[in-house]
Amino acid sequence: MTVEVRYRPEELTRLPRSVRYEKGKVIMIDQTLLPGEFKTIELGTVDQVAEAIVTMKVRGAPAIGASAAFGLALYADTTKAKTKDELMDGFYSAYDRLKNTRPTAVNLFWALNRIKKLVEENLESPLDEIKRLIVAEAQKIADEDVEANLRMGHYGAEALPEGNVLTHCNAGSLATVQLGTVGAVLRVMHRDGNLKLLWVDETRPVLQGARLSAWEYHYDGVPLKLITDNMAGFVMAQGKVDAIIVGADRIVANGDFANKIGTYTLAVLAKEHGIPFFTVAPLSTIDMSLKSGKEIPIEERKPEEVLTCGGCKIAPDVDVYNPAFDVTPHKYLTGIITDRGVVYPPFERNLKRLFKEEP
C-alpha cells in the first residue's frame with residue numbers, strides 16, 4: 001500500500017519535536033506544565049528519563065518509545081564502562097529500569113527490544129562501536145516515527161469523510177516525536193480544507209484532551225471546540241460529528257485495542273449513531289503476540305488523579321478505581337489507520353497480511 005505524501009512535517013505544524021537527543025542529554029517538552037507553560041527540560045541520567053515517563057512529563061505510546069530509546073542512548077554516551085562485560089551489565093540495568101516504567105504502551109517494549117537485539121547481535125564489535133550503534137538506532141527510531149506519522153496523516157486524510165471530527169485524549173504531536181498519529185491525520189485534513197471543526201474531549205481524569213490536544217491544535221490554528229467527556233453522546237445525537245478518530249497504546253491480533261479510558265464509551269456511542277470510528281497507530285503499536293484485548297495489561301494509576309484536579313481537592317478521601325486505559329472490541333471499529341495503509345475488517349486476517357507485506 002502506498003500513499004502520496006504531499007506535505008513535509010514543517011508544513012503541518014509549528015511545534016518542535018516533543019523529545020530529542022543531544023550527546024549526554026535527553027531534551028523533552030514537559031507536558032505536565034501545559035497549557036500554562038511551554039518548557040523543555042534536559043535529562044542527564046537514565047533514572048531521570050524513567051521518572052519522566054512514569055510521571056507523564058512525556059506520554060503517548062510513540063513518544064514513550066522514543067524517550068526510552070534515547071534513555072539507552074544516554075547510557076551509551078555517559079557510561080564509564082571499560083569492558084564489554086561492564087557495558088552490558090549497565091545496559092541491562094538501564095533496559096530494566098526503562099522497561100518497568102509503564103505497562104500498557106507496547107511501543108516502549110518494542111523500542112527497547114529493538115536496541116537490545118541490535119546490541120546482542122553486535123557483541124563482537126569494539127566497545128565504542130557498540131555505543132555508537134545504540135545512539136544511532138535510538139535516533140533512527142525517532143526519525144522513523146516522524147516519517148510514519150506523515151504517512152499515517154495522508155492515509156487517514158483519504159479515509160475520513162470531510163466535516164466535523166471528534167477526538168479523545170491526546171494522540172497529537174505531543175504524544176509522538178512530531179505531528180502525531182491522530183494529529184497527523186487532522187493536520188493533513190486541515191491543510192486540505194477538509195476538517196471543518198474538531199471536537200476535543202477534555203479526557204478525565206488528567207485532562208489530556210483539554211490541557212494538551214486543545215493547546216496544540218489551537219497553537220497550529222485548527223478550528224476546535226472543547227467539550228467535557230459526558231457531552232460527546234449528545235453532540236453525536238445532534239448530528240454534529242461526521243467521524244471519530246483516536247489513538248492506541250496497543251492493538252492486538254484481532255483488532256481490539258487499548259486507548260485512554262473513555263474510548264470504549266465513544267465507540268459504543270459511535271455505533272449507535274452510525275458514525276465512522278477509526279483508530280490510528282504505527283505498526284510498532286500492533287502486538288500480534290496477543291490474540292484479544294482481554295490479554296492487554298491495563299495500568300492503574302494513583303487515586304490522586306481522580307480525587308484532585310489541578311492540585312485542588314474535588315472529592316473526599318474515598319476508595320478510587322483509576323484505570324488509565326480501556327479496551328475497545330474490534331467490532332466497533334471502522335478501520336485501523338497505520339503507516340502501511342488502512343486496515344479494514346476482517347482485522348485478524350488483514351492485520352496478518354499487513355505484516356507479511358512489511359519490507
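Good morning, colleagues. Please keep in mind throughout that the structure is a predicted model.

On the side of domain 1, 35 residues take part in the contact, and on the side of domain 2, 37 residues do.

How much area is buried between domain 1 and domain 2? The figure is about 3200 Å², and carbon and sulfur atoms give 57% of that area. For domain 1, three residues deserve mention by name: Leu12, Leu15 and Thr104 supply 22% of the area that this domain buries against domain 2, more than any other three residues.

As to charged pairs across this interface, the count between the two domains is 1 salt bridge. I also draw your attention to Arg102 and Glu299, which form a salt bridge whose closest N and O atoms are 2.9 Å apart.

I turn now to the pockets. Sorted by class, the lining of the largest pocket has 8 charged, 7 polar and 6 nonpolar residues. Domain 1 and domain 2 each contribute at least three residues to the lining of this pocket.

The second largest pocket has a volume of about 460 Å³. It is lined by 22 residues, with Trp110, Arg114, Glu144, Ser284 and Asp339 closest to its centre. Two or more lining residues come from each of helix 3 (61–78), helix 5 (106–121) and helix 6 (127–159). Of the elements, helix 6 gives the most, with 7 residues. By class, the lining of the second largest pocket divides into 11 nonpolar, 8 charged and 3 polar residues. Here too, at least three lining residues are drawn from each of domain 1 and domain 2.

To close, I return to the domains: both contribute at least three residues to the lining of the largest pocket, and both do so for the second largest pocket. Thank you for your attention.

Key: Residues numbered from 1 in each chain as written. Predicted model: local features only at pLDDT ≥ 70, side-chain atom pairs only at ≥ 80, totals over all residues. Heavy atoms only, no water. Nonpolar A, V, L, I, M, F, W, Y, C, P; charged D, E, K, R; others polar. Domains from an automatic or database assignment. 1 Å grid on protein atoms, 1.4 Å probe; cavity = no way out; pocket = protein on both sides within 12 Å on 5 of 7 lines; lining within 4 Å. Points joined across faces, edges and corners; volume = space filled by probe spheres on them. Helix = DSSP H or I, 4+ residues; strand = E, 2+ residues; numbered from the N terminus. Contact = heavy atoms within 4.5 Å. Buried area = accessible area lost by both parts, 1.4 Å probe. Salt bridge = Lys/Arg side-chain N within 4 Å of Asp/Glu carboxyl O.
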